Amino acid sequence: MTSVVSRSLAAVRLFGNRSVCLVFGEQIVAIATVAGKKRRVRRKSVQEEQIRWWEEEKRADGVKWSTLEHKGPVFAPPYERVPRNVRFYYDGKPLELSEETEEAATFYAKMLNHDYCTKEVFNNNFFKDFRKSMTSKEKEIIKDFRKCNFQEMFNFFQAESEKRKAATKEEKLVKKNENEALMKEYGFCMIDGHKEKIGNFRLEPPGLFRGRGEHPKMGMIKRRIHASDVSINCGKDSKVPPPPGGSRWKEVRHDNTVTWLASWIENVQGQVKYIMLNPSSKLKGEKDHIKYETARRLDKVIDKIRATYRDEWKSKEMRVRQRAVALYFIDKLALRAGNEKDEDQADTVGCCSLRVEHVQLHKELNGKENVVVFDFPGKDSIRYYNEVEVEKRVFKNLELFMEHKKDGDDLFDRLNTQVLNEHLKELMDGLTAKVFRTYNASKTLQSQLDLLTDPSATVPEKLLAYNRANRAVAILCNHQRSVPKGHEKSMENLKEKIKAKRDAIDDCEAEYHDFKKAAKRGSVKEKVNADKKGKQLERLKDQLKKLELQETDRDENKTIALGTSKLNYLDPRISVAWCKKNGVPIEKIFNKTQRTKFLWAVHMADEDYRF
């Protein structure tokens, strides 16, 4: 080791005052230079060891871990009452509220400048839950939401927000250190002898439920989570994390066939929520790998499956025909299977739960024949609208399915998700509607990259091609978003930069023209100046091109969410192989978090990998 360090110190002389970092086994030897003569060798252990699980043997017994120990979740801090001079007004008069009612009022006050507060459903749901938090005396007084005034509370929270933004470096550092200490204590667990990062160790604080799209429960109060709501999962021989304040956990489990550390049921939708390991963890990585390998297996049998469901369009049994048409839509349009909803749940729709009102048939539309128009609330109440030209037999079958039915009747009345999923398992082990979605998303990315990538293009041009390929997937999967609030301002700033760059190019071109004229007279100095100005002009033109590509990319992406498909539906090895093959730095495609999550893909895929 001494000789290696000696050689490294010699290398430092070559690097001047820059630090050199060498890795030896599981330790980092940092060799730093201080301006002048002082040299110091410092040794630091790697804190989080990245488990190379893809090089280990796989377990087939359903066991996820042998030992698991963690500190439990971090609960939201208790409510702190607003100062007495910050008041809630009802019917123009200040009204002192009980602690629980005041806290509920602050939930709404904090959102007063948000679009949600203009929605009738949001306001109605909030007021209904707001009244539930009131004392009987408060209920007697507060009966009309329109007479409630939260403005003073809103102003207080805005001022507090501005104070936090204006905090000094020292104050921000104190806060940062507090968060890091909390992360160090609660943000990691020990699993099978390895230290692994936890994904979401903080429990969500109480507040108002927003939902996506036009969710029918928006505005309802998400109540505070207590230890008595939470089930803890840890190893039999590990120390059970103590609940806060001498309370009791709802349950302590030692289930090594699951990967969650804690779970509870949230009150708005009645869904089970979990504390899980970080996406970069071994368990998450293995799960992702299996998911994409299952989708790749589908590629080997997809032609047979498609031939089968096409044959079944002619079946004498109505249930078989309906199942075959539904499978066609799941395959062709990447529709979710869909589940039946209770009355108090959002009326979101998937393939099996389509109703007659969600589908219109047109023999001819916009120059196309046999067009089906889908219009229904999809996942998260996001509208799904699509005009699709289908095969003639599919169109005829849909006419048959809709015969003598009313708008509220099921389109596929002989089909449900359970029946469909059982059929899919018969077609291929592990096959579900989601596997079709993953398969078609990854297949689309692969084919679009093949189509759009020009090997001779610049890196910014290749990135635009990648984002366009990713956008084709996002459109297929209906990953929409509303235009970001700052989009218009962002585009204005970009246009200003482009204008300034064009002005700079005009000035530089004029100067370059003058320098070239002078260079013709033969002076060496003038030739050098002309060359320099020519290179500057080329740099400015490259910079302009990058800005223009950025403008195109940003505008095309304003209503499409690219992140969802990249994280959940696209085999990351496709992107890694494309980067390696086309000389594009991986950090241009995956951010730091994504690179950590998909480290297995970076190691597994070479430039020849194909989905």
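This note comments on a pocket, a helix and the aromatic rings of a predicted model.

1. Basis of the note. The model is predicted: local features need pLDDT of at least 70, side-chain atom pairs count only at pLDDT 80 or more, and totals for chains, interfaces and linings use all residues. Residues are numbered from 1 along each chain as its sequence is written, and side-chain values use heavy atoms, leaving out hydrogens and water.

2. The second largest pocket. Its volume is about 1200 Å³. A pocket here is an open set of points on a 1 Å grid over the protein atoms alone, where a 1.4 Å probe fits, with protein on both sides within 12 Å along at least five of seven lines; lining residues have an atom within 4 Å of a point. The volume is the space filled by probe spheres set on the points, which are joined across faces, edges and corners.

3. The lining of this pocket. Of the 37 lining residues, Pro 77, Lys 110, Phe 157, Arg 164 and Pro 205 are the closest to the centre of the second largest pocket. Helix H2 (99-109), helix H5 (151-165), helix H6 (169-186) and strand E10 (207-208) each give two or more residues, and H5 gives the most, with eight. Helices (H or I, at least four residues) and strands (E, at least two) are DSSP runs, numbered from the N terminus.

4. Position of the pocket. Domain 2 (88-166) and domain 3 (169-278) both give residues to the lining of the second largest pocket, so this pocket lies between them. The domain bounds come from an automatic or database domain assignment.

5. Helix H2. Nine of the 11 residues of H2 are buried (under 20% relative accessible area, with a 1.4 Å probe and protein chains only), so H2 is largely enclosed by the rest of the structure. Its buried residues, among them Phe 107 and Tyr 108, pack against helix H3 (120-132), helix H4 (136-141), H5, E10 and strand E11 (221-222), where contact means heavy atoms within 4.5 Å.

6. Aromatic rings. The structure holds 28 aromatic pairs. Rings of Phe, Tyr and Trp (its six-membered ring) pair if their centres lie within 6.5 Å; planes under 30 degrees apart count as stacked, over 60 as edge-to-face and the rest as tilted. Phe 88 and Phe 130 form an edge-to-face pair, 6.1 Å centre to centre with 75° between the planes. This pair joins strand E5 (residues 88-90) to helix H3, with the two residues 42 apart in the chain. Phe 88 is buried at 1% relative accessible area, and Phe 130 is buried at 0%.

Conventions
Buried means under 20% relative accessible area, exposed over 50%, partly exposed in between (1.4 Å probe, protein chains only).
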